[in-house]
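Q: I am new to this structure. Can you show me how to read its features, one at a time?

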Amino acid sequence: MDNHQADEEHELVMELSEKDSLLEKKKKLLKINHFDPNGKVKIKSICSIELLNSVLEEMLQRARIINADEVDLYFGGIDAFGFCSPRNELESLHTILSLVDKSKSTSEQIRPKVLQDLMNATLNKIHEFSSNIIEDTKILSKWNLHKEKCLLQWGESNGVKSKLDIAFVEGGGRGGIAREDLEVGDIALEIPLSAIISEDLLHETTMFPILEKVDGISCETMLLLWSMKEKYDNNSKFKIYFDALPEAFNTGLSFGMEAIMALDGTLLLEEIIQAKEHLRSQYNDLIPSLCNNYPNIFPSNLYTWEKFLWACELWYSNSMKVMFKDGNLRTCLIPIAGFLNHSITPHIMNYGRVDPTTNSLKFPLSRPCNNGEQCYLSYGNLSSSHLITFYGFLPKGYVDNPYDVIPLDIDLDNKEDVNPMCNWSTHMVRGTWLSKKNGIFNYGLPIPLLEHLREARMLMLESNIEVQEKLELELEILEDLQSTFDAMMENLGETEPLGRENCDWDVKLALDFKELQKRIISSIVSSCYNGKKFVEQELHNCKCV
């Protein structure tokens with residue numbers, strides 16, 4: 001190879017989706033970081049390790065922006081867009097893997113070795129990321145797993161392929177445990193369509209001709225009603241699956257009065273009350289008339305409020321959105337996959353699309369999982385309040401959940417700005433321990449919020465104000481914020497000194513959530529207090545000059 005060929009540059013294209021609701025913000029953020037908005041990354045045919053790592057770092061920064069959601073962008077920095085969440089980091093690294101793999105199979109210009117080196121370097125980053133996550137799987141051997149083992153056998157006889165066992169895990173209930181060391185890309189679980197509960201089953205039932213005539217009824221509601229009856233059908237193909245389900249899901253929808261009262265002052269209280277009111281209304285509008293008009297198909301003993309609530313909790317906590325071969329997204333129950341628990345640092349992230357070549361749903365690993373470790377799934381970018389309401393748990397490491405945000409009710413008058421961090425329709429806060437910028441003018445608080453409050457006050461002043469006036473303005477902002485969150489903390493009230501071990505499951509969960517809310521608010525109050533000390537020192541320095 002001559003020198004010209006060795007120095008030749010080639011392009012890998014990392015494109016933004018035109019359908020992305022955050023497209024304009026991401027374009028601006030790419031420009032601010034001096035990246036080509038068209039997504040072109042250049043790589044030489046012959047690369048040193050240093051150059052390869054430099055290209056990978058550029059691709060990773062681009063990928064973080066491409067994969068960023070609203071929370072990532074809101075709390076992220078403007079420049080040198082770095083690590084912002086475990087989900088974003090894993091998705092970004094897999095974006096690079098997918099691009100390189102696609103380029104390897106289509107490019108005739110770039111030497112395969114360059115791409116293989118790039119792929120290996122990306123895999124090394126995934127391993128490095130995974131090695132920093134502490135896994136502590138404690139299996140509780142005393143629990144009877146007869147029903148779960150029967151379901152695994154049923155799955156095997158119906159074409160399910162699994163590299164996971166089911167066990168009771170401390171702090172997580174039932175979970176999937178790796179039978180062997182699993183690597184990135186390995187398929188932990190593969191389930192054929194024939195073993196999946198989807199709307200296709202409805203068309204074979206006697207209730208479908210009745211339900212399809214009900215105004216506004218969704219396929220999800222039809223399936224919910226089907227499952228209420230199917231659970232008690234001894235001849236059902238899915239009898240073993242229904243037998244393996246718990247008698248109570250213990251989600252926030254089943255909270256008792258004491259737990260509800262413990263949530264006083266939190267947004268979760270309102271979320272649970274509204275959800276239960278919606279379900280009760282749905283039940284009253286639908287079930288009694290079906291039972292009265294079609295008692296043979298909808299027997300009243302199978303369609304009580306308690307059984308309806310159980311079915312709602314089943315579908316909320318165990319269903320998954322699946323993209324079928326026809327391009328339609330459907331809500332399904334996936335036997336065995338429902339045993340996999342959620343984590344903010346999951347092993348499995350991309351699993352919702354039917355493989356047309358095998359006619360099955362596959363669960364590939366996004367990061368390694370060692371033999372004997374619990375293999376976690378991602379249920380989505382969910383807050384702790386949502387997980388409690390519809391799933392009934394706080395995730396492991398929940399204090400670091402980046403989606404535990406508190407929305408703020410602030411009057412907005414947004415304007416287009418070259419700075420994507422300054423133009424938002426809503427504002428929010430989260431625990432400031434998640435921030436890496438704690439110095440003056442940042443304080444661990446979100447930049448968009450601070451910029452909005454600064455702009456609102458600047459409109460009342462001369463455009464060219466002195467440094468001292470700006471610092472005095474900054475002090476006012478921090479004092480107002482501290483006052484707001486002091487009031488929020490007071491509204492949460494004092495925590496009753498109850499022994500947690502003596503509390504019912506729902507009260508304990510409610511108290512844990514309230515403590516999390518207090519910790520978030522307390523961190524903001526502390527950041528405002530420390531920020532005021534920074535500004536006061538700067539003001540003192542200003543006056544001494």
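A: Start with contact, which means heavy atoms within 4.5 Å. Keep in mind that this is a predicted model. Leaving aside neighbours within four places in sequence, Thr 221 is in contact with Gln 282 and Leu 286.

Q: Where does Thr 221 lie, and is Thr 221 buried or exposed?
A: Thr 221 lies in helix 9, which spans residues 219–230. Buried means under 20% relative accessible area. Thr 221 has 12% relative accessibility, so Thr 221 counts as buried.

Q: What does Ser 227 touch?
A: Ser 227 also has its place in helix 9. Not counting residues up to four places away in sequence, Ser 227 touches Phe 242, Ala 311, Leu 314 and Trp 315. Ser 227 counts as buried because its relative accessibility is 0%.

Q: Now the strands. How do I read a sheet?
A: Begin with a general idea. In a regular strand the side chains alternate between the two faces of the sheet. Then look at order and direction. Here an open sheet of 4 strands has the order 3-6-10-9, and the pairing is antiparallel. Strand 3 (161–162) and strand 9 (354–355) are the edge strands, each pairing on one side only.

Q: How many bridges join strand 3 and strand 6?
A: There are 2 bridges, in the antiparallel sense. Ser 162 stands opposite Leu 189 in strand 6.

Q: How many bridges does strand 6 share with strand 10?
A: Strand 6 and strand 10 pair over 5 bridges, again antiparallel. Pro 192 stands opposite Ser 360 in strand 10.

Q: And what joins strand 9 to strand 10?
A: They run antiparallel and are joined by 2 bridges. Strand 10 covers residues 360–364. Asp 355 stands opposite Ser 360 in strand 10.

Q: Why is strand 6 largely enclosed by the rest of the structure?
A: Strand 6 covers residues 187–192. Of its 6 residues, 5 are buried, so the strand is largely enclosed.

Q: Next, charges. How should I read a salt bridge?
A: Side chains of opposite charge can pair when their charged atoms come close. A search of the whole structure finds 18 salt bridges. One of them joins the side chains of Lys 26 and Asp 20, at 2.6 Å from N to O. Lys 26 counts as buried, because its relative accessibility is 1%.

Q: What does Arg 179 pair with?
A: Arg 179 meets Asp 165 in a salt bridge of 2.8 Å, N to O. This pair links distant parts of the chain, 14 residues apart. Arg 179 is in the loop between strand 5 (173–178) and strand 6, while Asp 165 is in strand 4 (residues 164–169).

Q: How exposed are Arg 179 and Asp 165?
A: Arg 179 counts as partly exposed, at 39% relative accessibility. Asp 165 also counts as partly exposed, at 36%.

Q: Which residue forms a salt bridge with Glu 474?
A: Arg 454 does, with the closest N and O atoms 2.5 Å apart. Glu 474 lies in helix 16 (residues 467–492) and Arg 454 in helix 15 (residues 447–458), so the pair ties together parts 20 residues apart in sequence. Both Glu 474 and Arg 454 are buried.

Q: Which residues are linked in a network of salt bridges?
A: Asp 69, Asp 72, Arg 87 and Glu 91 are.

Q: What about the nonpolar core?
A: A nonpolar core is a set of buried nonpolar residues joined through side-chain atoms within 4.5 Å. The largest core has 77 residues. Ile 197, Leu 225, Ile 334 and Phe 363 touch the most other members. Helix 13 (residues 305–318) gives the most to this core, with 8 residues.

Q: What does Ile 334 touch?
A: Its contacts include Ile 191, Met 320, Leu 361 and Phe 363, not counting residues up to four places away in sequence. There is also a second, separate core of 65 residues, which includes Phe 35, Leu 60, Tyr 443 and Leu 450.

Q: Last, how many disulfides does the structure hold?
A: A disulfide is a covalent bond between the sulfur atoms of two cysteines. The structure holds 0 disulfides. For Cys 291, the nearest cysteine sulfur is that of Cys 312, 14 Å away. Cys 291 is buried, with a relative accessible area of 10%.

Methods. Residues are numbered from 1 along each chain as its sequence is written. This is a predicted model: local features need pLDDT of at least 70, side-chain atom pairs count only at pLDDT 80 or more; totals for chains, interfaces and linings use all residues. Side-chain values use heavy atoms; hydrogens and water are left out. Buried means under 20% relative accessible area, exposed over 50%, partly exposed in between (1.4 Å probe, protein chains only). Two strands pair if DSSP finds at least two bridges between them. A salt bridge is a side-chain nitrogen of Lys or Arg within 4 Å of a carboxyl oxygen of Asp or Glu. A disulfide is a pair of cysteine sulfur atoms within 2.5 Å.
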